[in-house]
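Reader: I have a few "how do you know that" questions about this one. Can we go through the labels and what stands behind them?

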Amino acid sequence: MDESRQSSSDAGAVLRKLVPPPALCGFLLLLALIFAASYAVGAAAGPVAPGMHGTGARPGGDGSAGGGVDDMGDMHGGGH
């Protein structure tokens, strides 16, 4: 009878070692919920500034997403 108790308590100890503590599970669940809520709010808010677009091709551009000298506009012109 002592052997059956010993084997069942060993199985319970192994199971308790494999399962993360409830506090960690709760923390991870809360973290996931906060991330999902912040993502939803950000998606609903839209772009941060007017005229802000993704990194895709520019309308009327050559299809490259990188910034080149043409993107600088009149920055180097000094207003002349």
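Author: A helix here is a DSSP run of H or I with at least four residues, and a strand is a run of E with at least two. On that basis the protein chain has two helices and zero strands. Keep in mind that this is a predicted model.

Reader: What makes leucine 15 exposed or buried?

Author: Exposed means over 50% relative accessible area. Leucine 15 comes to 55% relative accessibility, so it counts as exposed. Leucine 15 sits in helix 1, residues 2–18.

Reader: Which residues form the nonpolar patch on the surface?

Author: Val14, Leu15, Leu18 and Val19, with about 410 Å² of accessible area together. Nonpolar side chains are joined into a patch within 5 Å.

Reader: How many aromatic pairs are there, by the ring rule?

Author: Ring centres have to lie within 6.5 Å to pair, and the count comes to one aromatic pair. The centres of phenylalanine 35 and tyrosine 39 are 6.5 Å apart.

Reader: And why is the pair of phenylalanine 35 and tyrosine 39 called stacked?

Author: Planes under 30 degrees apart count as stacked. The planes of phenylalanine 35 and tyrosine 39 are at 25°, so the pair is stacked. Both residues lie in helix 2 (residues 22–45), four residues apart, about one turn of the helix.

Reader: What share of the protein chain is buried?

Author: Buried means under 20% relative accessible area, and such residues make up 0% of the 80 in the protein chain. The chain exposes about 7300 Å², with carbon and sulfur atoms supplying 67% of it.

Technical notes. Residues are numbered from 1 along each chain as its sequence is written. This is a predicted model: local features need pLDDT of at least 70, side-chain atom pairs count only at pLDDT 80 or more; totals for chains, interfaces and linings use all residues. Side-chain values use heavy atoms; hydrogens and water are left out. Patches are made of residues with over 30% relative accessible area and no salt bridge: like charges are joined within 9 Å, nonpolar side chains (Val, Leu, Ile, Met, Phe, Trp, Tyr) within 5 Å. Accessible areas come from the Shrake-Rupley method with a 1.4 Å probe; for residues, only the protein chains shown count as cover. A salt bridge is a side-chain nitrogen of Lys or Arg within 4 Å of a carboxyl oxygen of Asp or Glu. Buried means under 20% relative accessible area, exposed over 50%, partly exposed in between (1.4 Å probe, protein chains only). Rings of Phe, Tyr and Trp (its six-membered ring) pair if their centres lie within 6.5 Å; planes under 30 degrees apart count as stacked, over 60 as edge-to-face and the rest as tilted.
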